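Thanks, everyone. I'll take one model and go from a single side chain out to the whole chain. Please have the viewer open.

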Amino acid sequence: MTKGLKNIPAVIEYLDRAGWKISKSAAYQHKKEGKLRPADEGTFPVKMVDKYARQWLEKKDGSGNLDELQEATARATLEKLQAQARHWDTKTKIEMGEYVHRNQWDRELAARAKVFRSDMENFIRAQASEIIRTVDGDPEKAPDLIEFYLEHLEAWLNRYSKPKTWKVSE
C-alpha cells in the first residue's frame, strides 16, 4: 500500500516541506477543478501529489516553472474539464426538461402556424357574405369593416398565443 496524505491540509504541509509554493485556497481550488484528486479511499497518495506539484506548481526558489509543453498540457486539461462540466450540466438540464429538442420545437411551431393559417382562411371563406353586407360596397364604411376584422384578429391571436407546455421526447 502506498503512503497517502489524509486531507488537503496534510497535502499543503507536505508540499510546503518539499519546497513547493502552495496556498490553502489554491489547493482547495485545484481539488475543485480536478487537478488534485484523492484516491478511491479518500487519501492523497504521495506519488500523485508529487505529480500534481510538478505539473501545476512552482518551487519556492523559482525553479520548477512549467515549460511551454507543460503549460499547453495544463491548459488542455483544464479546457477538457470545463467542457465536460458544461456537457454534464447541459445533459442534466435536458433530463430535467429544461431544454426542448430543436426538431420538436420546429414541429410544434409549424403546427401552430397551420392553426393560425387555418383560422384566417376559414374566416375569409365563412364570412365573405358578412363582409359584403357590412360595407354595402360603400368606401365610407371602411372603418366598420376594419373593426369587424380586428374583432376576429383578436380571436385568432388569442388562440395562437395560448401557453403551450412542451413535452421533451427522449
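Asp119 counts as buried, because its relative accessibility is 15% and buried means under 20% relative accessible area, with exposed over 50% and partly exposed in between (1.4 Å probe, protein chains only). This is a predicted model: local features need pLDDT of at least 70, side-chain atom pairs count only at pLDDT 80 or more, and totals for chains, interfaces and linings use all residues. Residues are numbered from 1 along each chain as its sequence is written, and side-chain values use heavy atoms, with hydrogens and water left out.

Back to Asp119. It sits in helix 5. Helices (H or I, at least four residues) and strands (E, at least two) are DSSP runs, numbered from the N terminus. What does Asp119 contact, leaving aside neighbours within four places in sequence? Trp156 and Arg159. Contact means heavy atoms within 4.5 Å.

Next, the cores. A nonpolar core is a set of buried Ala, Val, Leu, Ile, Met, Phe, Trp, Tyr and Cys residues joined through side-chain atoms within 4.5 Å. The largest one has 19 residues, and Leu5, Leu15 and Val49 have the most contacts inside it. Helix 1 (8–17) and helix 3 (46–56) are the elements giving two or more residues to this core. Helix 1 supplies the largest share, six residues. Take Leu15: not counting residues up to four places away in sequence, it touches Trp20, Ile22, Val49, Tyr52, Ala53 and Leu57. Another core lies apart from this one, with six residues, among them Ile131, Val135, Leu145 and Trp156.

Now the surface. Val100 is in the loop between helix 4 (68–95) and helix 5 (102–126). Val100 counts as partly exposed, because its relative accessibility is 32%. Together with Trp105 and Leu109, Val100 forms a nonpolar surface patch of about 240 Å² accessible area. Areas come from the Shrake-Rupley method with a 1.4 Å probe; for residues, only the protein chains shown count as cover. Patches take residues with over 30% relative accessible area and no salt bridge, joining like charges within 9 Å and nonpolar side chains (Val, Leu, Ile, Met, Phe, Trp, Tyr) within 5 Å. A salt bridge is a side-chain nitrogen of Lys or Arg within 4 Å of a carboxyl oxygen of Asp or Glu.

Last, the overall picture. The protein has seven helices and two strands, in the order β-α-α-β-α-α-α-α-α. Its C-alpha atoms fill a box of roughly 100 × 35 × 25 Å along the principal axes. Of its 170 residues, 19% count as buried.
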